[in-house]
Amino acid sequence: MMAVLDGGAANPPPIWLMRQAGRYLPEYRAIRSKVPSFLDLCLDPDLATEVTLQPIRRFGFDAAIVFSDILMTPFALGRSVRFVEGEGPRLDPIDEPGIAGLAVDRVETALAPLFATVSKVRESLDPDKALIGFCGAPWTVATYMVAGRGTPDQAPARTLAARKTASFQRLIDRLVDASVTSLIGQLHAGADAVQIFDSWAGILNERDFGRWSIGPTVEIVRRVREAVPGARIIGFPKGAGLRLERYARETGVDAVGLDWTVPLDYARERLQPHVAVQGNLDPIVLLAGGDGLDRAIDGLIEGLAGGRFIFNLGHGILPETPIAHVERLVGRVHGTS
Ligand code: CP3
């Protein structure tokens with residue numbers, strides 16, 4: 001994994017899966033049922049360490065991703081965040097006075113449990129396996145803060161950005177500050193690389209993609225590398241499509257995540273010469289299994305493993321995914337089945 005991020009190729013490629021710790025695993029559900037809320041799990045370094053390591057023990061993935069959530073950033077900024085069973089996240093929607101009142105001085109203290117989890121995981125993780133830290137990109141986190149929940153098109157944040165641009169810029173600026181603190185803290189605690197999840201980048205028009213997705217990411221990359229020279233950073237602007245090239249060039253990330261719609265020849269010809277790529281198996285194909293899964297795995301390896309490539313899904317694993325399909329995937333990628 002680290003060799004690929006450093007500019008080399010590896011065949012077989014390293015593999016890990018976004019959301020690899022989670023509800024599709026019975027051992028995760030057992031731990032989850034011991035705590036009242038999802039946030040309690042994220043804030044308990046012992047339990048968060050355990051669930052981070054569960055998928056590594058079971059499947060032998062090449063990287064672990066620290067168990068937390070992108071909405072820990074608004075939580076650390078003092079906003080109310082809760083997760084409603086079966087419905088998703090709920091936040092108190094932020095308005096202009098709320099944005100003006102955001103304070104970044106307590107972020108580092110509020111994120112202490114996350115940093116403690118990173119250190120604990122690094123202590124027990126095999127030195128050959130990479131540990132990935134992460135945060136949500138400012139744009140994606142802002143969409144949840146403004147709407148107070150997930151929406152199909154993030155219209156509330158897009159509307160605020162268009163109507164009250166100066167206030168929205170201020171929100172993004174505070175999220176850049178908090179993200180920089182989070183990523184530097186995770187790298188100092190022992191993360192080998194960090195990923196910036198911009199799950200809603202694809203909904204932005206061309207101009208706003210530059211302003212709200214690329215711009216803040218450029219700033220985060222610059223400030224993180226200033227504090228941690230050579231920090232390895234993966235950017236995942238989901239839905240960016242043909243704009244991935246521009247994103248990779250302008251942000252200077254070491255790897256870009258590809259969602260499952262990105263054509264492999266585009267990734268091979270336009271991205272891999274400049275940056276490592278990570279992805280992009282369709283989570284539905286993994287859930288469905290069978291020959292279709294085998295063909296998709298082989299196609300991805302044939303298409304991308306000649307260059308800098310990290311095997312992953314094109315988005316998070318679905319909770320209904322059968323464990324046997326994940327075993328089959330890892331075996332086929334590692335060449336052991
Ligand atoms: O990848 C990993 O294993 C690390 C943990 C991780 C979680 N969320 C745990 C989680 C990571 C990297 C995330 C990222 C995240 N969180 C994103 C970006 C990636 C993406 O999926 O687009 C976003 C948008 C969120 C916000 C979020 N958290 C939502 C919308 C939800 C509810 C939807 C759902 O799947 O339930 C969550 C909850 C959440 N985050 C769960 C997990 C394991 C499920 C809650 C539970 O187990 O009770």
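A: Start with a term. Helices (H or I, at least four residues) and strands (E, at least two) are DSSP runs, numbered from the N terminus. Just after helix H9, Gly148 takes a positive phi of about 85°. This is a predicted model: local features need pLDDT of at least 70, side-chain atom pairs count only at pLDDT 80 or more, and totals for chains, interfaces and linings use all residues. Residues are numbered from 1 along each chain as its sequence is written, and side-chain values use heavy atoms, with hydrogens and water left out.

Q: Which residues of H9 are buried?

A: Buried means under 20% relative accessible area, exposed over 50%, and partly exposed in between (1.4 Å probe, protein chains only). In H9 the buried residues are Pro138, Trp139, Thr140, Val141, Ala142, Thr143, Tyr144, Met145, Val146 and Ala147. That is 10 of the 10 residues of helix H9 (residues 138–147), so it is largely enclosed by the rest of the structure.

Q: Is Gln154 buried or exposed?

A: Gln154 is buried, because its relative accessible area is 0%. Look for it in the loop between H9 and helix H10 (155–163).

Q: Where is Pro12 found?

A: Pro12 is found in the loop between helix H1 (2–5) and H2. The peptide bond from Asn11 to Pro12 is cis, with omega near 5°.

Q: Which residues come nearest to the ligand?

A: A residue is near a molecule or strand if one of its heavy atoms lies within 4 Å of it. Of the 22 residues around the ligand, Arg19, Arg23, Tyr28, Ser199 and His315 come nearest.

Q: What polar atom of Tyr28 lies 2.5 Å from an oxygen atom of the ligand?

A: A polar contact is a pair of N or O atoms within 3.5 Å; within protein, one must be able to donate a hydrogen and the other to accept it, and residues adjacent in sequence count only if both atoms are side-chain atoms. For Tyr28, it is a side-chain atom. In Ser199, a side-chain N or O atom is 2.6 Å from a ligand oxygen. Ala21 uses a backbone N or O atom, 3.2 Å from an oxygen atom of the ligand.
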